[in-house]
Amino acid sequence: MGELIKKLLLTNSIAQRLWAWRSEGLRQSHLCYNPHCPNSAQAIKSHILQKNGILNYVSEDIGNGKEIIELRYNDYFKQDKTRKIYDFVKAGVTKSNEVAFWGFCPECDRNLFSSLEVGPRDFTNRRNQTLLTYRALMRDICKQEYNIAFYTKVRTSANVTREARMYCRDAQLPQAVQLRSNYELRYRLESFLFGGATDYVFNYLVFCLPLVKLAHSAIIGGPHHTVLNGAEANELLAWKPDYISIGDASQYRFTGPLGTFNLIPTANELIVVIGYDENMQEICGVPIKSINSIDNKSKFKLISDILITRGKSWCMAPSLYENLKSAGHDDLILDSITYFGPDRMKHLTPAINMFDGQGLF
Ligand SMILES: [Zn+2]
């Protein structure tokens with residue numbers, strides 16, 4: 001915790017208290033996210049990728065049960081001695097944390113997403129595509145709601161340093177901007193999924209590639225920048241996120257490009273599902289309209305670019321990780337993810353293609 005103490009002028013005991021608040025918050029569940037939940041029940045940890053479906057094709061048993069390698073973000077308030085912001089870590093499929101979030105009660109989790117998990121899955125089907133987007137969105141929303149609750153607790157505490165309060169103020173503002181935009185997107189997706197609306201929000205591209213044992217499902221954005229004046233910032237800081245009480249979230253319409261990026265491995269191929277709204281004309285410099293016609297090498301480069309600049313919590317097979325390591329790509333990928341992390345970097349394209357040398361093209 002040395003780095004953190006220096007930056008936020010914390011004593012060891014305050015740093016420990018902050019981490020205790022953080023982890024205590026993350027352990028708590030909430031009411032099921034389905035607005036029409038018949039149970040009013042607490043949410044369980046939903047998997048962004050299905051344990052018995054997608055993860056089956058990523059996990060490998062090399063002696064310790066089924067395991068995957070996850071991209072893990074080291075929480076700022078926990079950053080360990082290595083001070084690495086991102087890392088690849090081994091995780092058991094059932095204990096995997098990065099691909100799970102507090103989402104829905106057991107019944108809603110099972111019923112809502114069964115068409116993505118059971119039997120032949122059709123990813124050209126509009127409802128299934130929207131369900132993929134919806135689940136990825138709810139993961140982001142969960143993360144942002146928990147972050148805002150934690151930042152608010154620190155900001156309003158007399159028992160931390162001024163630097164820690166300021167850090168949380170600066171961190172809370174972009175999260176609140178994004179969460180409002182996500183509430184608007186949630187409202188539109190739910191109107192389509194549950195309300196009979198005909199607006200399916202995103203258009204989708206679906207194509208297949210030679211199998212790579214790698215999985216991802218997340219909302220992606222383009223480069224954007226929000227400038228807030230003092231009054232707007234204060235209003236955002238005082239805002240208590242509560243989707244249900246908002247009702248119609250269309251007041252929070254986001255104007256930046258927004259999409260969704262899904263890598264779904266099966267027994268013999270990799271299915272790629274890309275969703276995009278009317279503002280997204282290109283992804284990582286590749287025009288959306290041309291993606292279907294570029295060759296496999298260019299498609300893998302695009303996937304590599306998206307994972308590095310916009311990817312969230314992806315996971316892969318231990319054997320793929322070993323291959324990336326042998327090619328000397330593992331640290332390069334982690335450094336690149338850190339470099340391209342800030343929104344202001346998202347118009348740039350990484351030099352590396354992480355799939356080079358894997359015999360895929
Ligand atoms: Zn429910």
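Start with helix 6 and helix 7, which are roughly perpendicular to each other, because an angle from 65 to 115 degrees counts as that. This is a predicted model, so please keep that in mind throughout. The angle here is about 85°, and the two axes are 9 Å apart. Helix 7 covers residues 230–238. On the helix 6 side the contact uses R169, Q172, L173, A176 and V177, and on the helix 7 side A233, L236 and L237. By type, that contact has six nonpolar residues, one polar and one charged.

Helix 6 has another partner to look at. Helix 5, residues 126–155, and helix 6, residues 162–193, have axes that come within 8 Å and cross at roughly 150°. An angle over 145 degrees counts as roughly antiparallel, so that is how helix 5 runs relative to helix 6. The crossing of helix 5 with helix 6 is left-handed. In this contact I have 15 nonpolar residues, nine polar and six charged.

Now the core. Which residues have the most contacts inside the largest nonpolar core? They are V58, A215, C315 and M316, in a core of 83 residues. Helix 5 is the top contributor to this core, giving 10 residues. Take V58 as the example: leaving out residues up to four places away in sequence, V58 touches I68, K213, L214, A215, P265, C315, M316 and A317.

S40 has a phi of about 45°, and its place is the loop between helix 2 (12–27) and strand 1 (45–47). Is S40 buried or exposed? S40 counts as exposed, because 8 C-beta neighbours inside 10 Å falls within the limit of 12 or fewer. C284 has a phi near 50° and lies in the loop between strand 10 (282–283) and strand 11. C284, however, is buried, because 22 other C-beta atoms lie within 10 Å and the cut-off is 20 or more.

I288 is partly exposed, with 16 other C-beta atoms within 10 Å. Setting aside neighbours within four places in sequence, I288 is in contact with Y276, M280, Q281, E282 and I283. For I288 and Y276, which are 12 residues apart along the chain, the C-alpha atoms are separated by 8.5 Å.

That's what I have; questions are welcome.

Note on methods: Residues are numbered from 1 along each chain as its sequence is written. This is a predicted model: local features need pLDDT of at least 70, side-chain atom pairs count only at pLDDT 80 or more; totals for chains, interfaces and linings use all residues. Axes are lines fitted to C-alpha atoms, for helices over the stretch in contact, and angles run from 0 to 180 degrees between N-to-C directions. Helices (H or I, at least four residues) and strands (E, at least two) are DSSP runs, numbered from the N terminus. Angles under 35 degrees count as roughly parallel, over 145 as roughly antiparallel, 65 to 115 as roughly perpendicular and the rest as oblique. A crossing is left-handed if the near helix is turned anticlockwise from the far one by less than a right angle, and right-handed if clockwise. Ala, Val, Leu, Ile, Met, Phe, Trp, Tyr, Cys and Pro count as nonpolar, Asp, Glu, Lys and Arg as charged, and the others, Gly among them, as polar. A nonpolar core is a set of buried Ala, Val, Leu, Ile, Met, Phe, Trp, Tyr and Cys residues joined through C-beta atoms within 7 Å. Two residues are in contact if their C-beta atoms, placed from the backbone, lie within 7 Å.
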